[in-house]
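Me: I would like to go through the labels attached to this model and ask what each one rests on.

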Amino acid sequence: RPLIAGFDNGHETVPVGGTDLTHNVAMSPTPACTAPGYTLDYGMPTEGFEGSTFPPAGWTVTDPLANGQVWQLNDPEGQQNQTGGSGNFADINSDFYGSGSSQDTSLVTPALNLSTAAAPYLTFNNNYNASPFFPQVGDVDVSKDGGTTWTNVWHHTGDAVPGPDLETVQLPTAANQANVK
């Protein structure tokens, strides 16, 4: 286990004998890249939702139920950002719409060229509130063909993942793909 925060846990077996031994172990920084001496490489696309236009340029919000109960900027109840991030945030709040209402909405990125990304991942600040008594689903899906087909990579129902929370989701199906959403 690393003594310095920001590195992934590692495990190596080192045979020892009757003499002193020095053994160096290479440690990898966590995806959040908070280890001393490391910085996060934003060479891949990012979106912070800091702007006042929603959805951001190139992004789409779906409304299959055509009821207007969709992703939006910030919370309609006026709650502050509880994701662990700061400033504006993307939000779909089922409590705001009341019991008996249904929401079915997606927030979809523009097509991303990840053809040079051997191990892409998605990192996002999260505040998924849920209860086993109220049916709901929070998913992250990835498409490597521009949105024709989707693979689920993060799925939660009544198992809340409350904020502040930083999620990191590996996207192996998107590796070296040129039309990812």
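Me: What lies 3.1 Å from a polar atom of the side chain of N81?

Reply: The backbone oxygen of G87. The model is a predicted one, and the distance is computed from its atoms.

Me: What makes the pairing of the N81 and T83 side chains a polar contact?

Reply: The distance is 2.6 Å. The cut-off for a pair of N or O atoms is 3.5 Å, with one able to donate a hydrogen and the other to accept it. The pair therefore counts as a polar contact.

Me: Why is N81 called buried?

Reply: Its relative accessibility is 17%. Buried means under 20%, so N81 counts as buried.

Me: Where is N81, and which residues is N81 in contact with beyond its neighbours within four places in sequence?

Reply: N81 sits in the loop between β2 (72–73) and β3 (90–91). Those contacts are with S86, G87, N88 and F89.

Me: Why is N74 called partly exposed?

Reply: N74 has a relative accessible area of 23%.

Me: Why is N176 called partly exposed?

Reply: The relative accessible area of N176 is 43%. That value lies between the 20% and 50% limits, so N176 is partly exposed. N176 belongs to the segment after β8, and its phi, near 60°, is positive although the residue is not glycine.

Me: Which peptide bonds are cis, and what are their omega values?

Reply: One joins F54 and P55, with omega about -5°. Another runs from G163 to P164, with omega near 0°. P55 is in the segment before β1 (60–61), whereas P164 is within strand β8 (residues 161–170).

Me: What is the order of the elements from the N terminus on?

Reply: The order is β-β-β-α-β-β-β-β-β, that is, 1 helix and 8 strands. Among contacts between residues at least 6 apart in sequence, 59% join residues at least 24 apart.

Conventions. Residues are numbered from 1 along each chain as its sequence is written. This is a predicted model: local features need pLDDT of at least 70, side-chain atom pairs count only at pLDDT 80 or more; totals for chains, interfaces and linings use all residues. Side-chain values use heavy atoms; hydrogens and water are left out. Helices (H or I, at least four residues) and strands (E, at least two) are DSSP runs, numbered from the N terminus. Buried means under 20% relative accessible area, exposed over 50%, partly exposed in between (1.4 Å probe, protein chains only). Contact means heavy atoms within 4.5 Å.
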